Amino acid sequence: MQLTDTLQNFQTPCYLYDTALLARTLDAIRHEVQQHDNYHVHYAVKANSNPRILSQIAAAGLGADCVSGGEIRAALAAGFPASKIAFAGVGKADWEIRLALQSAIGMFNVESFEELEVISQLATAMNLRARVSFRINPDVAAHTHAHITTGRAEDKFGIAKEDMVRVIRMAQTMPCVDFTGLHFHIGSQLLVMDDFEELCRCVNQLQLELDSEGIFAPNINVGGGLGVDYETPAANPIPDFQAYFSTFTRGLQLREGQQLHFELGRAVVAQMGSLLTRVLYVKQGRQKQFVIVDAGMTDLIRPALYDARHHIDNLSATAAEPAVTYDVVGPICESSDVFARDILLPPTRRGDLLAIRSAGAYGETMASQYNCRSLPSVHFIE
Ligand code: LLP
C-alpha cells in the first residue's frame, strides 16, 4: 500500500479494508470448496461484522456462524439466508433462542444438556422445530495462545465425548427437536495442520461410536481456526486454503450423504484490514525510543490481550535511511497498551502515518470506548 493523498487525509485511527483482497480470498475459498458438493463454509461473524464486509461475504455464497442474537440480526440484514446460519455459544439467552427459532436458522450448535432442555421447551411453546447439532469437546490441545484454545477437557466449551450418545438420545425423545449432527472447534490462529489432523482422528473415532449405536449424524462441523501470517502479511495475503481443506478431505472418514461444515473467521478477513494510525510523538525514554501513536488498545486489543504481533509499516517513510529500533505504543493509560516492542522501522517522525497490518479480524469487532474514546472509523479501498 502506497501513501496516497486519500490515505493522507483520513482521520486516524481508522480501519482500512481492502475489498479487492477480500474478493480474492473468497475466490480462493470457493475454488477449494466447489470441488466437493458436500462442503459448506460458514463465515464466523465475530471476526468482523462490518455490514459492508458481511454483505460481500454473503454475496459470495457463504453461510454464517453466529454467537449472539445481535450477530444473527446482522447476518440476516447482510443477506445471509437463515438456512445457512449456525448459532453457537455456551450461554444462549432465551430471547436469542426465540429469535433463532423464529428466523428458522439452519442449526443450533448446542453446548450442554441444560441448553438442550431450554431449546426444547421454547420450541415446543412456540410450536416450531429446532434443528440441533451438539458441540463435542474433543479434548485436543491446539498449538496456539492459551486464551484462544477451546477444545481441551478443562475448557468451558462443548459436551464431554463420554456424554455424546446420551445427549443425542435425549434429543431424539424431544418432540420439537431434530438431531442434525456434531460440531467441533479446537482453537484459533492454528498454522500447524497436525492440530486439524488430530481433530479428524477424534471425529473418526466418535463416528465409529455412533455407528455402533445406529446413529447417523447428517452434518459434521469442524469449526474454524485456520491462522494467517501476521509476520509477513504482504508475502502471504491469502491463507493456504488448499492445505487446510485437503487435511480434512484426507483425514475424515465421512459417511454416505454426510455434509461437512467449516466456520472460518480470521482466515477470511484478517489480511484485508489495516489499522491506520498517526504518530503523535517520538519520545526518547531512558532505555528505549517510543513511537506514540493515536491508536490504542481500544482500537486493536489483540497485542495487549494475547501478546499478538502485527506487522507495522511506516507509510510516510520515503528515503532509504537506516532502520531504528522502537516500541510502538498507544495513548491509553495501561502499560499493556503496546503494539510492538523493539521493532525496526525507518526513522519515524511526528505526523507519520503507520499501518498496523492483518487487523481485519478481531480488530474493529473488539474495539471499545475505554477512556471515553471514540470508536475507530472505517474506510474501504477497492
Ligand atoms: N467457530 C467457533 C465455535 C469459534 O469459537 C470461533 C472463534 C470460530 C469458529 C472462528 O475461528 P477463526 O476461524 O476465526 O479462528 N479474538 C481472538 C480469537 C477468538 C476466536 C473465538 N472463536 C483473536 O483475536 O485472536
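Predicted model: local features only at pLDDT ≥ 70, side-chain atom pairs only at ≥ 80, totals over all residues.
A residue counts as exposed when its relative accessible area is over 50%. Asn127, at 65%, is therefore exposed.

**Ligand shell**

- The shell around the ligand holds 18 residues, of which Ser188, Glu263, Arg302, Tyr306 and Tyr362 come nearest.
- By residue class, the shell divides into 6 nonpolar, 6 polar and 6 charged residues.
- Two elements, strand 10 (259–264) and helix 11 (302–306), each contribute at least two residues to this shell.
- An oxygen atom of the ligand lies 2.3 Å from a polar side-chain atom of Ser188.
- For Arg302, the distance from a polar side-chain atom to an oxygen atom of the ligand is 2.6 Å.
- Tyr306 has a side-chain N or O atom that is 2.7 Å from a nitrogen atom of the ligand.
- The ligand taken alone exposes 590 Å², and the protein buries 92% of that area.

**Aromatic pairs**

- The model contains 13 aromatic pairs.
- One of these pairs is formed by Phe134 and Phe179, whose rings are stacked, with 6.1 Å from centre to centre and 15 degrees between the planes.
- The pair counts as stacked because its angle of 15 degrees is under the cut-off of 30 degrees.
- Phe134 belongs to strand 6 (residues 130–137) and Phe179 to strand 8 (residues 177–183), so the pair links distant parts of the chain, 45 residues apart.
- Both partners fall under the 20% limit and therefore count as buried: Phe134 has a relative accessible area of 0%, and Phe179 has a relative accessibility of 15%.
- Ring pairs also join Tyr39, Phe196, Phe241, Tyr244, Phe245, Phe248 and Phe262 into a cluster.

**Charges over rings**

- The charged end of Arg52 is placed over the ring of Phe380, at 4.1 Å from the ring centre.
- Lys92 lies over the face of Phe87, with a distance of 5.4 Å to the ring centre.

- Arg357 is located in the loop between strand 16 (353–356) and strand 17 (377–381).
- Despite this loop position, Arg357 counts as buried, at 11% relative accessibility.
- The side chain of Arg357 makes a polar contact of 3.1 Å with the side chain of Ser274.

**Backbone features in loops**

- Thr12 and Pro13 are joined by a cis peptide bond, with omega at about -5 degrees.
- Pro13 lies in the loop between helix 1 (5–9) and strand 1 (14–18).
- Asn127 is not a glycine, yet it has a positive phi of about 55 degrees.
- The position of Asn127 is in the loop between helix 6 (113–126) and strand 6.
- Asp139, also not a glycine, has a positive phi of about 55 degrees.
- Asp139 is found in the loop between strand 6 and strand 7 (159–160).
- With a relative accessible area of 43%, Asp139 is partly exposed, because this value lies between the 20% and 50% limits.

Conventions. Residues numbered from 1 in each chain as written. Heavy atoms only, no water. Phe/Tyr/Trp six-rings, centres within 6.5 Å; stacked < 30°, edge-to-face > 60°. Helix = DSSP H or I, 4+ residues; strand = E, 2+ residues; numbered from the N terminus. Buried < 20%, exposed > 50% of the residue type's maximum accessible area, 1.4 Å probe, protein only. Lys NZ or Arg CZ within 6 Å of the ring centre and 35° of its normal. Near = heavy atom within 4 Å. Polar contact = N/O pair within 3.5 Å; in protein donor to acceptor, adjacent residues only side chain to side chain. Areas by Shrake-Rupley, 256 points an atom, 1.4 Å probe, with all protein chains shown as cover. Nonpolar A, V, L, I, M, F, W, Y, C, P; charged D, E, K, R; others polar.
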